[in-house]
Amino acid sequence: MKEKRKTDLIIEELKKRKGKERTVDVEEEKVKVVIFTLKDGHYAFPGSDVKEILPFMDISAVPGAPDFIPGVINNRGDIESVINLNRFLGLPDSDRTAATRIAMASKAGVRSGIILDSVLDVVDVPVSSIKPPLSTLDDAKKELVSGEMTYHDGIVVMLDIGRLFGKLCAHGR
Amino acid sequence: MADDRPALTNDIPKEIDFLLFRAAGASMAVEAAQVEGIISREQAEQRAIKVGLLGRLLGADGAIVDAPSKVLLFRDGNETYGIGINALDTMVREKIGTLQPLPELLSHVEGLQPFWGVLPRENEVVLLIDLFRLKSLIGNQAEQFA
C-alpha cells in the first residue's frame with residue numbers, strides 16, 4: 001500500500017469532516033424568523049410571512065374600526081391596514097420610539113402592517129429548536145402562539161400570522 | 001320611448017369628482033354628484049333636516065368629537081338627509097385607477113360598509129364614503145343639533 005504524506009492525510013480528514021458538516025446542514029431544516037419586542041417580552045413571526053419591515057409612519061384613523069386596527073398607512077402608494085398587536089394580546093399600549101417598526105405581513109390572501117416595539121433580529125433557526133408552546137400561556141396569547149424558542153438565553157414566543165388574521169377577520173364580522 | 005341610459009357595466013367613469021372634507025377625526029371624500037348642497041348647521045336646524053353625525057353612525061369611540069360646522073345634503077326620493085362634517089377641504093378630480101379598495105381586514109368590519117375605498121394622497125389617506133350606504137343608519141339615529 002502506497003504511503004501518503006502526512007499533509008495529504010490531514011487534508012483528507014478535514015474534507016471528510018467538512019462533508020459530514022454539510023450533511024448535517026442539509027438534514028437540519030431551518031426556518032427564517034423575525035424576532036421582535038412587544039411590551040412584555042420577545043416574540044417572533046415566521047420570516048416567510050413578513051414581506052417588509054418599515055419605519056413607523058403616520059397612521060390615518062378610520063372611524064368605527066376596532067381598537068386593534070388604529071387605521072391605515074400609505075406604503076409607497078399602497079394603502080394598508082395596521083394592527084396594534086398589544087391590544088389583541090391584552091397588553092398595555094407601547095410608546096412610539098425611534099425603534100418602533102411596522103412589519104408588513106401577508107398570509108392567506110390577507111395583507112396588513114403590524115406595529116412592533118422594535119425588531120431585534122432576522123435569523124435562520126433549526127425547525128427542531130421551536131418547541132410547542134407552554135400550556136401556562138393566557139388565553140389571549142394561546143390562540144395565536146405556534147411555539148417557543150430560545151434566543152440569547154431568553155424565551156421567544158412564536159406567533160402565527162395566519163391565526164391572527166383569521167381571528168381579526170372573524171372579529172370584524 | 002327608448003331607455004338610452006347607459007348599462008351599469010358601461011357606466012363606470014374614467015374620472016370622479018370628489019368633495020374632500022374632515023369628519024370624525026378623519027379625512028374623507030364623497031362623490032360630488034351625491035351631494036345636493038352644503039349648508040350650515042344653523043340652516044339644517046331651521047329646515048329640520050335629519051342629520052347624521054359620522055362618528056356616531058360609524059360607532060367610533062368617544063375620543064372622536066363630532067362638532068360639525070357644515071352639513072352635506074343628499075336626497076333619496078323625496079327625503080333630504082344631512083351628514084354633519086367638521087370642515088370642507090377641497091374638490092379634486094381623480095382617475096379611477098388612483099382609487100383603491102378598503103384594506104382586506106377593514107372590509108370585514110361590521111359597520112364600515114359606508115366606506116367603499118380609499119384615495120392615497122401625498123400626506124394622507126382619504127376614506128371614500130358613500131352617503132347612500134349611510135342612509136339607513138341616519139334613519140335610525142338622526143338627530144337635531146342641540
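**Reading a two-chain model**

Reply: A:Met149 is placed in strand S9 (residues 145-151) of chain A, where strands (E, at least two residues) and helices (H or I, at least four residues) are DSSP runs numbered from the N terminus. The model is predicted: local features need pLDDT of at least 70, side-chain atom pairs count only at pLDDT 80 or more, and totals for chains, interfaces and linings use all residues. Residues are numbered from 1 along each chain as its sequence is written, and chains are lettered from A and ligands numbered from 1 in the order in which they are written.

Me: Is A:Met149 buried or exposed, and why?

Reply: A residue is buried if 20 or more other C-beta atoms lie within 10 Å of its own, exposed if 12 or fewer, and partly exposed in between, with C-beta atoms placed from the backbone. A:Met149 counts as buried because it has 22 C-beta neighbours inside 10 Å. Of the 173 residues of chain A, 28% count as buried.

Me: Which residues are in contact with A:Met149, leaving aside its neighbours within four places in sequence?

Reply: Two residues are in contact if their C-beta atoms, placed from the backbone, lie within 7 Å. With those neighbours left aside, A:Met149 is in contact with A:Val125, A:Ser129, A:Ile130, A:Lys131, A:Val156 and A:Met158. A separation of 12 Å lies between the C-alpha atoms of A:Met149 and A:Phe45, which are 104 residues apart along the chain. For chain A, among contacts between residues at least 6 apart in sequence, 53% join residues at least 24 apart.

Me: What is the strand order of the open sheet in chain A?

Reply: Strands of a sheet pair through backbone hydrogen bonds, either parallel or antiparallel. Here two strands pair if DSSP finds at least two bridges between them. In chain A, five strands form an open sheet with mixed pairing, in the order S3-S6-S7-S5-S4. Strand S3 (50-55) and S4 of chain A stand at the edges with a single partner strand each, so one side of each is left without a neighbour in the sheet. S3(A) is joined to strand S6 (residues 101-107) of chain A by five bridges, and the two run antiparallel. A:Glu52 has A:Met104 in S6(A) as its bridge partner.

Me: Which strands are the edges of the open sheet in chain B?

Reply: The open sheet of chain B has five strands in the order S7-S1-S2-S9-S8, and its pairing is mixed. Its edge strands are S7 (87-95) and S8 (115-121), each pairing on one side only. S8(B) and strand S9 (residues 124-129) of chain B run antiparallel and are joined by six bridges. Within this pair, B:Val125 in S9(B) is the bridge partner of B:Pro120.

Me: How many residues of strand S6 of chain B are buried, and which strands pair with it?

Reply: Strand S6 (residues 79-85) of chain B is mostly covered, with five of its seven residues buried. Strand S4 (residues 50-53) of chain B pairs with S6(B) in the parallel sense over four bridges, and B:Leu53 has B:Gly84 as its bridge partner. Strand S5 (residues 70-76) of chain B pairs with S6(B) in the antiparallel sense over seven bridges; there B:Asp76 is partnered by B:Glu79. The hairpin of S5(B) and S6(B) has two residues between the strands, and B:Gly77 in this hairpin takes a positive phi near 65°.

Me: How many residues does each chain give to the contact?

Reply: Chain A gives 21 residues and chain B gives 25 residues. On the side of chain A that touches chain B, the elements giving two or more residues are strand S4 (71-75), strand S5 (78-83), strand S7 (110-116) and helix H4 (161-172) of chain A.
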